[in-house]
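Work through the exercises below with the model open. Each task is followed by a stepwise solution.

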Amino acid sequence: MKKLLVRGGLVVSDGKQVNCDILIEGEKIIAIGRSLSCPDAQIIDATGKLVFPGMIDSHVHIGHPNKRGSARDSFYTATRSAALGGVSTIIDFAIQWDKEKSLLETWKEKVQLMSRECVTDFALHNCPTVSEPKTIEEMDALIEEGSPSFKFYMTYSSQNRMTNDGVLYEALRKSAGTLMRIGVHAENDALINYLSEQYRQRGETDASYFAEAKPAIVENEAVHRALYFARETGGNLFLFHLTTAEGVRLVKDAKRDGIPVVAETCTHYLVLDEEYLKREDGYAYICSPPLRRKSDQEALWAALRDGSVSIVSSDHCGFDKALKREYKGDFTKIPNGLPGIDHRLRLIYTHGVRKGKISLETMVDVLSTNIAKTFGMYPRKGTISVGSDADLVIYDPNGEEIIERGIDSDSIDWTPYKGFLLEGSVDMTISRGEVLVRDGEFSGEPGRGCLILRDILQKRQK
């Protein structure tokens, strides 16, 4: 079996920084220590560099369909970009677009597609869209398959994606006493539809009105409702893309009261704000929930520091700027979502760690370790430990550059982070012992990614 010896780096994992070597054999880490030697191993010199566990992006929408035009990336191009940005595992979504198909059929079809194209390892959250008791019954088959995380849309009735409160309540009740994850896109559908129509009638539909038409109450009410359901059921709630200071307060209060909730935010809510919607190209920055105020940004950074928000994902969705431009006069028609699978690590390192907003250890936790623990991948993923998958990022903290384009610029014609400073660079990305990226050059093959099956039905640890 091929062996690699990563020597001399500062290893950051599981809340610690240690100067040590890592010995890899095949797909696994087999030894960690100082001054390791292995005559038949290929030496990788990480002196002066940081060594992280492989990054995990647990919220991506690759090739996402839209009735006005699908996202332009493929699982190959997107996971190539992810690897170039230090990501070795992604979690996408198996959305039940065809309501005649069961949740299991939907999941299997998505797995087949991803298995052909993915360079990185992958898993799926399941997204039911049928508001009937059979949805709760069908969840069992996915749990048995090793896919026990779910996302319920509390909005998007207009896109036929929304499930009702009854099904959400029952799903949360089903998850009680386990580590199964019931996630929500928390926005109040009735408020969105009512307010959007009011703005439409006044002719106030360009991007500058978008955040006003979907104010914080739209999200806060839905977060409050989901937390109330979790309190009443004891279910395991996961909040996708938290954006508001009030949402942070609600989560802190819930955690204090013992409600089992995990909250995520996204790169763009930490470094972009609602002023971007007022730019000439503000139409491109439409995503849901909307970009918020700088005060909300600061609340999110503080929540990362104190652990009330414990995951940062990209919520990558690669719609072309050209497609968004076609509908720039009407925010109700502009495809929602921002690309960002590529620059997440470097942006959080630069604008979080280097600016003193979070520690290096916290960065690794929110971009990798906490995700692995939350979604049943730990300790296979998210840690540099003996027996874990040999997923590593070697990060050179020296040097800087200004973002001019996204890594996958052949497919997606823009990046929302153009002009942002990045400090340091991804020197190497290793996935299950295979070097995918070296000195910024990619060498992986489509289809090498592995489906990660997960078992999180064990009882909570006391």
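Helices and strands here are DSSP runs, numbered from the N terminus; a helix needs at least four residues and a strand at least two. Lining residues have an atom within 4 Å of a pocket point. The model is predicted.

**Exercise 1. Lining of the largest pocket**

Task: Describe the largest pocket by volume, central residues, contributing elements and residue class.

Solution: 
- Step 1. Start with the volume, which is about 850 Å³.
- Step 2. Go to the lining. It has 42 residues, and the closest to the pocket centre are Tyr156, Ser158, Gln159, Arg161 and Asn336.
- Step 3. Assign elements. Strand E10 (149-153) and helix H5 (189-201) each supply at least two lining residues. H5 gives the most, with six.
- Step 4. Sort by class. The lining has 13 nonpolar, 17 polar and twelve charged residues.

**Exercise 2. Charges over rings**

Task: Which rings have Arg161 and Arg202 over their faces?

Solution: 
- Step 1. Apply the cut-off: CZ of Arg must be within 6 Å of the ring centre and within 35 degrees of the ring normal.
- Step 2. Take Arg161. Arg161 lies over the face of Tyr156, at 4.2 Å from the ring centre. Both residues are among those closest to the centre of the largest pocket.
- Step 3. Take Arg202. Arg202 lies over the face of Tyr199, 4.5 Å from the ring centre.

**Exercise 3. An aromatic pair**

Task: Classify the pair of Phe238 and Phe240, then decide whether each residue is buried or exposed.

Solution: 
- Step 1. The structure holds 13 aromatic pairs.
- Step 2. Read the geometry of Phe238 and Phe240: 4.7 Å centre to centre, with 75° between the planes.
- Step 3. Compare with the cut-offs. Centres must lie within 6.5 Å, and planes over 60 degrees apart count as edge-to-face. The pair of Phe238 and Phe240 is therefore edge-to-face.
- Step 4. Check burial, which means under 20% relative accessible area. Phe238 counts as buried because its relative accessibility is 1%. Phe240 is buried too, at 3%.
- Step 5. Widen the view. Phe93, Phe238, Phe240 and Phe375 form one aromatic cluster.

**Exercise 4. The second largest pocket**

Task: Repeat the pocket analysis for the second largest pocket.

Solution: 
- Step 1. The volume is about 420 Å³.
- Step 2. The lining has 19 residues; nearest the centre are His343, Arg346, Glu401, Gly406 and Ile407.
- Step 3. Helix H1 (75-84), strand E16 (392-402) and strand E17 (421-431) give two or more residues each.
- Step 4. By class, the lining divides into five nonpolar, six polar and eight charged residues.

Methods: Residues are numbered from 1 along each chain as its sequence is written. This is a predicted model: local features need pLDDT of at least 70, side-chain atom pairs count only at pLDDT 80 or more; totals for chains, interfaces and linings use all residues. Side-chain values use heavy atoms; hydrogens and water are left out. Rings of Phe, Tyr and Trp (its six-membered ring) pair if their centres lie within 6.5 Å; planes under 30 degrees apart count as stacked, over 60 as edge-to-face and the rest as tilted. Buried means under 20% relative accessible area, exposed over 50%, partly exposed in between (1.4 Å probe, protein chains only). On a 1 Å grid over the protein atoms alone, a cavity is a set of points where a 1.4 Å probe fits but cannot get out, and a pocket is an open set with protein on both sides within 12 Å along at least five of seven lines; lining residues have an atom within 4 Å of a point. Grid points are joined across faces, edges and corners, and a volume is the space filled by probe spheres set on the points. Ala, Val, Leu, Ile, Met, Phe, Trp, Tyr, Cys and Pro count as nonpolar, Asp, Glu, Lys and Arg as charged, and the others, Gly among them, as polar.
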